[in-house]
Amino acid sequence: MTITRYLHTFLDIFYPRYCVHCKCSLNNSCEMYICEDCKKKISYIIDTHCSRCGTILGPYTIKNKETGCLVCKSKHFYFDKVTCITHYDGVVKTLIYKFKYAGQKFLFNALYDIINTQNKFNGLVSDIDIIVPVPLHWMKELRRGFNQSEILSYGIQKHFLKPVIKNNLRRIRNTKAQTLLTKGQRKINIKNAFSVKSPELFKGKNVLLVDDVLTTGMTASECSRKLKESGAKFIHLFVIATAEYNHDLNFLDG
Ligand SMILES: [Zn+2]
Ligand SMILES: [Zn+2]
């Protein structure tokens with residue numbers, strides 16, 4: 001038994017740890033925030049989403065690598081490609097909720113472990129020149145104390161060794177939560193919510209745009225529109241989870 005394990009055992013006596021999702025007690029020193037049972041239930045997305053727009057596809061859906069699926073043929077998204085790791089449900093939903101809204105910033109480590117297990121970075125490296133987090137409005141960031149997409153960007157930067165460009169794409173309007181609005185209102189709500197300070201930093205670049213959850217796709221698309229107006233060549237959207245079929249989205253706010 002290593003010293004760390006002794007220390008964990010010792011600390012567990014005085015400060016028992018519980019799984020953030022099912023609340024069972026964590027006795028195994030390898031389990032930091034979630035239990036093995038919850039870990040096993042994570043629904044990873046394994047090649048069942050459209051790589052063009054992130055839509056979850058059935059086994060018989062027709063898709064094409066360049067033109068995408070029926071969804072991205074009917075909607076126009078300004079990003080070119082999407083990589084998502086899991087569905088937005090179960091333990092992943094709990095982790096993201098507590099990470100963002102309950103001030104439990106340390107839970108990023110658990111989310112990062114989940115991302116890492118899928119090893120999706122290798123295929124992306126050649127696509128990327130810079131990493132850009134989806135920005136929060138400064139008032140929201142001040143209230144929360146951090147921007148979750150920025151923390152995520154710095155986490156995945158280790159795999160890309162490419163610069164994170166923050167505060168150049170900025171959110172200039174403190175918009176309402178997209179999920180509280182109708183389809184038509186969402187478009188108006190998010191339109192021109194972003195601006196770019198120095199377009200030359202994005203010119204000719206292949207961008208990895210990073211966000212935590214993909215819901216309607218409109219926020220990421222509007223960010224991508226601004227990046228492309230600034231001359232960005234290719235936008236690859238990277239998200240932890242897709243909430244496409246999860247209707248309990250009312251709290252998802254930036
Ligand atoms: Zn659990
Ligand atoms: Zn698609």
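My entries follow, starting with the ground rules.

**Ground rules**

I am working with a predicted model, in which local features need pLDDT of at least 70, side-chain atom pairs count only at pLDDT 80 or more, and totals for chains, interfaces and linings use all residues. Residues are numbered from 1 along each chain as its sequence is written, while chains are lettered from A and ligands numbered from 1 in the order in which they are written.

**Overview**

I looked up the helices and strands and found nine helices and six strands in the protein. Both are DSSP runs numbered from the N terminus, helices being H or I with at least four residues and strands E with at least two.

Next I looked up burial. Buried residues are 35% of the 254 residues in the protein. For my own reference: buried is 20 or more other C-beta atoms within 10 Å of the residue's own, exposed is 12 or fewer, partly exposed is in between, and the C-beta atoms are placed from the backbone.

Then I looked up contacts, meaning two residues whose C-beta atoms, placed from the backbone, lie within 7 Å. Of the contacts with a separation of 6 or more, 71% are between residues 24 or more positions apart.

**Helix H4 against helix H5**

How do H4 and H5 pack? I found H4 (residues 90-101) and H5 (residues 108-117) at an angle of about 140 degrees, their axes 9 Å apart. That makes the pair oblique. I noted the classes: under 35 degrees is roughly parallel, over 145 roughly antiparallel, 65 to 115 roughly perpendicular, and the rest oblique. Axes here are lines fitted to C-alpha atoms, for helices over the stretch in contact, and angles run from 0 to 180 degrees between N-to-C directions.

H4 passes H5 in a left-handed crossing. Left-handed is when the near helix is turned anticlockwise from the far one by less than a right angle, and right-handed is when it is clockwise.

I listed who meets whom: Val92, Leu95, Ile96 and Phe99 from H4, and Phe108, Ala110, Leu111 and Ile114 from H5. By class, this contact has eight nonpolar, no polar and no charged residues. The classes are Ala, Val, Leu, Ile, Met, Phe, Trp, Tyr, Cys and Pro as nonpolar, Asp, Glu, Lys and Arg as charged, and the others, Gly among them, as polar.

I also checked Thr117, which lies in H5. It is partly exposed because it has 13 C-beta neighbours inside 10 Å. Thr117 and Tyr44 are 73 residues apart in sequence, yet 9.8 Å apart in space, C-alpha to C-alpha.

**Helix H7 and its end**

In H7 I found Gln148, Ser149, Glu150, Leu152, Ser153 and Ile156 buried, and the buried residues of H7 pack against H4, E2 and E5.

What happens just after H7? Leu161 takes a positive phi of about 50 degrees there, although it is not a glycine. Leu161 sits in the loop between H7 and E3. It is exposed because it has 8 other C-beta atoms within 10 Å.

**Asn192**

I found another non-glycine with a positive phi: Asn192, at about 55 degrees. Asn192 lies in the loop between H8 and E4. It counts as exposed because it has 11 C-beta neighbours inside 10 Å.

**Helices H8 and H9**

I looked up H9 (residues 218-229) and found 12 residues reaching 16 Å from first C-alpha to last, close to the 16 Å expected. Its buried residues are Thr219, Ala220, Ser221, Glu222, Cys223, Ser224 and Leu227. They pack against several elements, including E2, E3 and H8. Just after H9, Gly231 has a positive phi of about 105 degrees.

H8 and H9 pack at about 35 degrees, with axes 10 Å apart, and H8 passes H9 in a right-handed crossing. Arg186, Lys187 and Ile190 of H8 make the contact with Met218, Thr219 and Glu222 of H9. That contact divides into two nonpolar, one polar and three charged residues.

Notes
Expected span 1.5 Å × (residues − 1).
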